[in-house]
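Here are my notes from going through the model you sent over. Have it open while you read.

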Amino acid sequence: CAVASGTHRTAQSPACPRPDGQGTNTASSDSAAAPPLTAIDVRDMGATGDGTTDDTAAAQAAIDLVCGAGGRIYFPGGTYRITRLKLWGPACNNLTIGGAGPGVTILKTVSGVTPSSRDSYNTLEVSNPRDLSNTDPTSNVTIENLTLDGNKSGVTRPPGGAADDISHNGVMCSQCQNIHIANVEAKNYWFAGVSFGTYTFYSVVNDLVTSGNGLPDHSYGGLL
């Protein structure tokens, strides 16, 4: 009889004892698939948080696993080196990205990259890039309890400097709605700590601390 283990919620197998002691719970023949996972610790997907390893693939795998079902991606304390994490499309609705607190959980841009209009290094990108008419936006996403560090000193200044040439934000939102950002520190990005782009509606920011964002000769900064 399998029960929930670790941070993954798994289905009970057939013939598990019922909690009320009245016989067993037996899975029906048309419900062979386990219920969707609802909570994932990124370490269970191979992320290290050691400040050196590129944890992008492991973190994206955790996001992809939860997308489609809704749930929570948890980053325990540590520094996770990240290029870009994509929360794209309505499959990622009803998703929470959370950590152990600002300064404890840090998502930090990898070194040696050059953000541009073709190569984005937005740490968290909430969007539906295939929905330019905004008929099916990514919705109900929460980002909370962590630090986003753009590692500006380790990232090449974007060429040109025009707004559309800089894809280096802590959180980049477009074609989305009902985004909640709470208890987040966003610092050291070439563009903005948090950027709400085209077709972003009904979003709330609470307890956002920003510093060191933007180009020195432009007005980009903490919250745009």
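1. Ground rules first. This is a predicted model, where local features need pLDDT of at least 70 and side-chain atom pairs count only at pLDDT 80 or more, while totals for chains, interfaces and linings use all residues. Residues are numbered from 1 along each chain as its sequence is written, and side-chain values use heavy atoms, with hydrogens and water left out.

2. There's one disulfide in the structure (cysteine sulfur atoms within 2.5 Å): Cys67 to Cys92, with 2.0 Å from S to S. The torsion about the S-S bond is about 100°, so the disulfide is right-handed. Both Cys67 and Cys92 are buried (under 20% relative accessible area, 1.4 Å probe, protein chains only).

3. What about Cys173 and Cys176? Their sulfurs are 4.2 Å apart, too far for a bond. Cys173 is buried at 0% relative accessible area, and Cys176 is also buried at 0%.

4. Next, an open sheet: four strands in the order S7-S10-S12-S14, with parallel pairing. Strands are DSSP runs of E, at least two residues, numbered from the N terminus, and two of them pair if DSSP finds at least two bridges between them. S7 (85-88) and S14 (194-196) are the edge strands. Three bridges join S12 (residues 171-174) to S14, and Cys173 sits opposite Phe196 in S14.

5. Last, look at Thr147 in strand S11 (residues 138-149). Thr147 is buried, at 1% relative accessibility. Its side chain reaches the backbone nitrogen of Gly103 at 2.8 Å.

Definitions and conventions: Buried means under 20% relative accessible area, exposed over 50%, partly exposed in between (1.4 Å probe, protein chains only). A polar contact is a pair of N or O atoms within 3.5 Å; within protein, one must be able to donate a hydrogen and the other to accept it, and residues adjacent in sequence count only if both atoms are side-chain atoms.
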